[in-house]
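Take a look at the model below. Then follow the report, heading by heading.

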Amino acid sequence: MTDASKTRPQRASVGEDQIFEMVRRYFLEDESKSDLARHFGISRFQVARLLKEARETGLVMISIRHPAQLSPEMGLDVAAALGIEHAIVVDRIPGSDQSTIEAVAHRLAIVLDDEIKPGQTVGMTWSRVIESMARQIRQLPTCEVVQLAGAIHLTGNRLGSVETIRIIAEAANGTAYPIYAPWYCRRPKQRGRWRANPISPARWPESRSWISRSYQSVPGAPPARRSTTC
């Protein structure tokens, strides 16, 4: 009986840099597995296995976003009711709250890129929408980013308020101004000390004119089956 392992031709080994190049060419340039196999000197089945492992190990992450629809008319109504300049209202995606959050975050990221001007100071609260937006943003006009919510610490791979602000500031190539403590205190004496501090967040509402724009998230109204972000 012939030993198949001795008669089978040896394939060239593939290093991490080559795997990354293979993944990039397959997923971003639509190069076929057969062409990749010829280029890297391995079999088509080995290419398929390496691409599968790349997805399993997180080297490749695929996201599918539902094409949620904007509701401009309701956006105007929400903005008028809240007394704000602009509101985004996106139709709720049936059966998937996370997909709705990601859809609103995607729209908000587009708004930030359109509205923010270089040199401005942007105030940002924290919400699941803004957390998701921070993961989606790649680049913003250069600006400073100020946290407008107390410290929120989350476990796992979730982004708390400080991490979210830092990521957004990094995308804007600007400075982040986070808050490391909860923005609420039951003790009157402690609240008094906060208000006496000229750089305390407790005094920001008194001098908010230095913040060019601020963004926050508002949950959708159940009867209207909407999810809104302002």
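The report covers strands, crossovers and a helix pair.

## Ground rules

This is a predicted model: local features need pLDDT of at least 70, side-chain atom pairs count only at pLDDT 80 or more, and totals for chains, interfaces and linings use all residues. Residues are numbered from 1 along each chain as its sequence is written, and side-chain values use heavy atoms, with hydrogens and water left out.

Helices (H or I, at least four residues) and strands (E, at least two) are DSSP runs, numbered from the N terminus.

## Strands

Strand E2 (residues 121-124) and strand E3 (residues 144-147) run parallel, joined by 4 bridges. Strands pair if DSSP finds at least two bridges between them. Val-122 has Val-145 of E3 as its bridge partner.

E3 also pairs with strand E4 (residues 176-177), in the parallel sense, over 2 bridges. Here Val-145 stands opposite Ala-176 of E4.

## Crossovers

E2, H7 and E3 form a right-handed β-α-β unit. E3, H8 and E4 form a right-handed β-α-β unit too. Right-handed means this: with the strands pointing away from the viewer, the path from the first strand over the helix to the second runs clockwise.

Which residues of H7 and H8 make the contact? First, the geometry. The axes of H7 (residues 128-136) and H8 (residues 161-171) come within 9 Å and cross at roughly 40°. Axes are lines fitted to C-alpha atoms, for helices over the stretch in contact, and angles run from 0 to 180 degrees between N-to-C directions.

H7 supplies Ile-130, Glu-131, Met-133 and Ala-134, and H8 supplies Thr-164, Ile-167 and Ile-168. Contact means heavy atoms within 4.5 Å.
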